[in-house]
Amino acid sequence: DLLFTIKDTIKAFSSLKSESDDLASSLEGYRTQITRLATEKAFVIANSNRFVENTIAQLQGQNERLSTEVNASKSGINGLNSKIKDATMKFNTLESKHKKCSCELKRVTEE
């Protein structure tokens with residue numbers, strides 16, 4: 001009976017040892033997977049950061065270019081507004097002279 005109990009105990013220990021070995025193997029597999037995922041995560045983060053930095057640099061460049069274009073357009077508009085103002089003043093002066101001449105001509109021809 002004692003021999004039977006010892007055999008059962010040895011069998012139970014053997015089973016526990018096998019289960020322990022399986023768990024250790026699974027743990028090692030999970031460690032390897034975690035290490036691989038951590039490496040992938042670091043790679044993805046590095047690529048993402050590079051992408052963001054490049055995108056920011058591109059957008060800053062576009063912003064500077066567009067700001068320059070806007071300022072040039074504003075300057076052009078101001079120049080055109082000045083020319084319009086000058087042309088309007090000349091037109092008003094000529095229109096006034098034309099009215100005076102028309103009045104003078106009408107007065108002379110009626111005499």
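Visitor: Which residues make a nonpolar surface patch of about 310 Å²?

Guide: This is a predicted model, in which local features need pLDDT of at least 70, side-chain atom pairs count only at pLDDT 80 or more, and totals for chains, interfaces and linings use all residues. Residues are numbered from 1 along each chain as its sequence is written, and side-chain values use heavy atoms, with hydrogens and water left out. A patch is made of residues with over 30% relative accessible area and no salt bridge; like charges are joined within 9 Å, and nonpolar side chains (Val, Leu, Ile, Met, Phe, Trp, Tyr) within 5 Å. Here the patch is made by Leu-2, Ile-6 and Ile-10.

Visitor: Is Leu-2 buried or exposed?

Guide: Buried means under 20% relative accessible area, exposed over 50%, and partly exposed in between, with a 1.4 Å probe and protein chains only. Leu-2 has a relative accessible area of 64% and is therefore exposed. Ala-57, at 45%, counts as partly exposed. Of the 111 residues of the chain, 0% count as buried.

Visitor: How many helices and strands does the secondary structure hold?

Guide: Helices (H or I, at least four residues) and strands (E, at least two) are DSSP runs, numbered from the N terminus. This chain comes to one helix and zero strands. Helix α1 covers residues 2-110 and includes Leu-2; Ala-57 has its place in helix α1 as well.

Visitor: What does the radius of gyration say about the chain?

Guide: The radius is taken over C-alpha atoms, and the globule rule is 2.2 Å times the number of residues to the power 0.38. The chain has a radius of gyration of 47 Å, well over the 13 Å that the rule gives for 111 residues, so it is more spread out than a compact globule. Along the principal axes, the C-alpha atoms fill a box of roughly 155 × 20 × 10 Å. Ala-57 and Thr-35, 22 residues apart in sequence, are 33 Å apart in space, C-alpha to C-alpha.

Visitor: How many salt bridges are there by the rule?

Guide: A salt bridge is a side-chain nitrogen of Lys or Arg within 4 Å of a carboxyl oxygen of Asp or Glu. The count is five. Among them, Asp-21 meets Lys-17 at 2.9 Å, N to O, and Arg-31 meets Glu-28 at 3.5 Å.

Key: Areas by Shrake-Rupley, 256 points an atom, 1.4 Å probe, with all protein chains shown as cover.
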